[in-house]
Amino acid sequence: MIKDNQRHFNRLHLLLDILLFMLSYLEAWYIKFRTPFFKDSYETLSFENYMLALVFIVPGYFMLYMAFHLYTPKRVQGRRLECTNVIKANTIGILLFLTILYMTKQVHFSREMIFIFYVLNTGNCIAMRLALFSTLRAMRRRGFNQKHILLVGYSRAAEGYIDRIRANPQWGYTVKGILDDNIQRGTFYKGVQVIGKIDNLQYILPENKLDEIAITLGLSEYNKLQHIVAECEKSGVHTKFIPDYNNIIPTKPYTEDLQGLPVVNIRYVPLSNTFNMIVKRTIDILGSMFAITLFSPVMLIAAILVKTTSKGPLIYKQERVGLHNRPFMMYKFRSMEVEDPGREKKKWTIKNDPRVTNVGKFIRRTSIDELPQLFNILKGDMSLVGPRPERPFFVEKFREEIPRYMVKHQVRPGLTGWAQVNGYRGDTSIRKRIDCDLYYIENWTLGFDFKIILLTFVKGFINKNAY
């Protein structure tokens, strides 16, 4: 039933897109030649000649939308990615359109009309998709358009999968139960029951009441994997594999084909790519120079207050661990009374810490004390966005206590980061902070950096955990 509904939905989606391509093109022609917005416009081609281009535009844009995966199931896909793909497809479309006109010497074909079509078609397709997206999610929350899934194997992967499904009812997934050889039948996990042994698959699959099988075996049971996959494929039910080692492999594995042998890299770091590194470093240099200019009055006032209200240096330098585990001196406005460096390097700042000055309380809470790190960014020690750097003593401590902690040093540390905009600053969970850092490292894009910078401004610089 779900498969039939999906086919019908895809056909509807395709039909709506075709209608929108044509409607947007007609609207562009009308705005260009029949409205007062372009008073000096005159038609050098007939209406029929313009409409003839639709013979190429409609199938061309359809193929572009296919290439950008705009007709694939989107139960768990975010709206931002969908809208981004629409923009990409339309941008490629208009560039191809202009190139063809140039190569065929169609000098009378209005370029302004093409640009209007680009804007209208992008806007219309995004609006239609957002409307469908919201409608489907509302239906799924009410229990309609559900996809029925059976889990094979009780493991951390199974629990994680159920957790995410329960937290996102808009996905429209219903877990019918779990099959496992080692967990007693009748055991529940968040409303999902262990309903039998793995061998029960041979009786359940022929009933054809399932839309998907998710194999969530524990690490100790992978010897059963080949048999289970064979049984599922014979039934024709869509089967997916959720490995029970997600704490080892990244969320977006980097795979290689070694003459037919799949190789999964343990860690994929987009910033190890030279082009990505150059782009990010360029943004860091330009961004830090702009920020230094923008915040120079604030830094001047902070410098005067720090220097005139307590004894000691204006800038506090502290050793931190950065890219490739290399130490560097990180700059801050001094916010505490001067003390012995040997004692200070092994201590956290606590609430109502007597070492913090009156001015220090304010600049720490508002993150003004961090502004000198813009010069660290300019030097190349840090980046605008990245995991926050830690002191060597705590790096040595956490590397033994927290799995994958040292992965954060594969990129430059940042002035702000994904962990910070999610509230993990100051006296908060180190493990959750590292989870955010790893997600950022494995999923870096330039757009992600801009999002974090924007969230830093939107959520403010006030840090309730800064003591």
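Mentor: Let us begin with Glu112, which touches Lys32 and Phe38, leaving aside residues up to four places away in sequence. Contact means heavy atoms within 4.5 Å. This is a predicted model, in which local features need pLDDT of at least 70 and side-chain atom pairs count only at pLDDT 80 or more, while totals for chains, interfaces and linings use all residues. Residues are numbered from 1 along each chain as its sequence is written, and side-chain values use heavy atoms, with hydrogens and water left out.

Trainee: Where is Glu112 found?

Mentor: Glu112 is in helix H5. Helices (H or I, at least four residues) and strands (E, at least two) are DSSP runs, numbered from the N terminus.

Trainee: What is the relative accessible area of Glu112?

Mentor: The value for Glu112 is 41%, so this residue is partly exposed. Buried means under 20% relative accessible area, exposed over 50%, and partly exposed in between, with a 1.4 Å probe and protein chains only.

Trainee: How many residues apart in sequence are Glu112 and Trp29?

Mentor: They are 83 residues apart in sequence, and 9.6 Å apart in space from C-alpha to C-alpha.

Trainee: Turning to helix packing, at what angle do H3 and H5 cross?

Mentor: The axes of H3 (residues 54-67) and H5 (residues 111-141) cross at roughly 50° and come within 14 Å. Axes are lines fitted to C-alpha atoms, for helices over the stretch in contact, and angles run from 0 to 180 degrees between N-to-C directions. H3 and H5 are therefore oblique to each other; angles under 35 degrees count as roughly parallel, over 145 as roughly antiparallel, 65 to 115 as roughly perpendicular and the rest as oblique.

Trainee: Which residues meet there?

Mentor: Ile57, Tyr61 and Tyr65 in H3 meet Phe117, Asn121, Cys125 and Arg129 in H5.

Trainee: And the sheet: what is the strand order?

Mentor: The open sheet has 6 strands in the order S3-S4-S2-S1-S5-S6, with mixed pairing. Two strands pair if DSSP finds at least two bridges between them. Strands S3 (188-189) and S6 (238-241) stand at the edges with a single partner strand each, so one side of each has no neighbour in the sheet.

Trainee: How many bridges join S3 to S4?

Mentor: There are 2 bridges between S3 and S4 (residues 192-196), and the two strands run antiparallel. Phe188 has Gln193 in S4 as its bridge partner.

Trainee: In what sense do S1 and S2 pair?

Mentor: S1 and S2 pair in the parallel sense over 6 bridges, and Leu151 has Ile178 in S2 as its bridge partner. In S2 (residues 173-179), 5 of the 7 residues are buried.
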